[in-house]
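Reader: I am new to reading protein models. Could we go through this one together, feature by feature?

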Amino acid sequence: MSTRIAFLKGHGTENDFVIIPDPENVIDLPPAAVAVLCDRRAGIGGDGLLHVVRSAAHPEARSMAAEAEWFMDYRNGDGSVAEMCGNGVRVFAHYLQRAGHVAEGDIAVATRGGVKTVHIAKEGDITVGMGKAVLPEGAVTVSVGERSWPARNVNMGNPHAVAFVEDLDHAGDLYTAPPFSPASAYPDGVNVEFVVDRGLRHVALRVHERGSGETRSCGTGACAVAVAAARRDGADPAVTGTPATYTVDVPGGRLMITERPDGEIEMTGPAVIVAEGEIDAGWLETVTP
């Protein structure tokens, strides 16, 4: 490991990330190191970490290198590996543009959830092709304290449980993962979204992200919520042939989610880089086991 490690800090609707550029995949980032870097008191602070690697240099992404030059090696704030992060993809693409690796227009980004198509608009917003939602069968229930709600099981490359509630305060503090049942529905844990209606095809959410706690925004969660709301409202673009667009308010801002008749889901929102600097590799080694 070199004596200095470059980093940036960015966010998408206040879902924030430590960004570590490492094109050739030479920086060792064990879970403990990621957790320290994402710690808001002992480190830089972030809901997760975006490890920027060329696909050809990473064993998990080499098979996607022909489609996408860059791999988003995403980690949750506790250091665990995650399949996808919708807000993270937008910030990842914004970093690639800022660094001169890509230009405005369409690019491809490899993730553990597959290759994602990203459009960088001139006016600044970024649209991510999030793929198709999978709606597993079976009843799911989530709970907070004495309250319980039925939840829609939606998979966006990572698992979600979407519960419609009367008041977002009913979600509690969301520091710890809300209990769910049956346990077999989510063997590796789940992101839980609590949702209220704001108007016609307009909802708001709070979310507990697996491995991170409550976050200010969750891109895959916003997509899961839009799909769950559409089905609740009787809208299925595959049946009607008409796209369904929902405005999804998150604590950190607003996202626009569109499900097309072919099932593909597009998410549009902002991405911001707020700082950059260097980490002392020696310090990182001393604070990790």
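Reader: Is phenylalanine 17 buried or exposed?

Author: Phenylalanine 17 counts as buried, because its relative accessibility is 0%. Buried means under 20% relative accessible area, exposed over 50%, and partly exposed in between, with a 1.4 Å probe and protein chains only. A word on the source: this is a predicted model, where local features need pLDDT of at least 70 and side-chain atom pairs count only at pLDDT 80 or more, while totals for chains, interfaces and linings use all residues. Residues are numbered from 1 along each chain as its sequence is written, and side-chain values use heavy atoms, with hydrogens and water left out.

Reader: Thanks! How many aromatic pairs are there?

Author: The general idea is that a pair of aromatic rings is described by the distance of the centres and the angle of the planes. Rings of Phe, Tyr and Trp (its six-membered ring) pair if their centres lie within 6.5 Å; planes under 30 degrees apart count as stacked, over 60 as edge-to-face and the rest as tilted. A search of the whole structure gives three such pairs. One of them is edge-to-face and joins phenylalanine 17 to tyrosine 74, at 6.0 Å centre to centre with 75° between the planes. Phenylalanine 17 belongs to strand E2 (residues 15–21) and tyrosine 74 to strand E4 (residues 70–76), so the pair ties together parts 57 residues apart in sequence. Tyrosine 74 is buried, at a relative accessible area of 2%. Helices (H or I, at least four residues) and strands (E, at least two) are DSSP runs, numbered from the N terminus.

Reader: Which strands does E1 pair with?

Author: Two strands pair if DSSP finds at least two bridges between them. Strand E1 (residues 4–12) runs antiparallel to strand E18 (residues 272–280), with eight bridges joining them. E1 also pairs with E2 in the antiparallel sense, over five bridges. Look at leucine 8: glutamate 276 stands opposite in E18, and isoleucine 19 is the bridge partner in E2. E1 and E2 form a hairpin with two residues between them, and threonine 13 in the turn has a positive phi of about 45°.

Reader: What about the nonpolar residues: how many does the largest core have?

Author: In soluble globular proteins, nonpolar side chains tend to be buried together. A nonpolar core is a set of buried Ala, Val, Leu, Ile, Met, Phe, Trp, Tyr and Cys residues joined through side-chain atoms within 4.5 Å. Here the largest core has 53 residues, and Met72, Val118, Val248 and Ile257 have the most contacts inside it. Helix H3 (residues 219–232) gives the largest share of this core, nine residues. Apart from this core lies another, of 16 residues, including Val142 and Leu174.

Reader: And charged side chains: how many salt bridges does the structure hold?

Author: Side chains of opposite charge can pair when their charged atoms come close. A salt bridge is a side-chain nitrogen of Lys or Arg within 4 Å of a carboxyl oxygen of Asp or Glu. The structure holds 21 of them. In one, the closest N and O atoms of lysine 9 and aspartate 16 are 3.3 Å apart, and both residues are buried. Another joins aspartate 73 to arginine 75 (2.8 Å, N to O), and both of these are buried too. Salt bridges that share partners also join Lys9, Asp16, Arg40 and Asp47 into one network.
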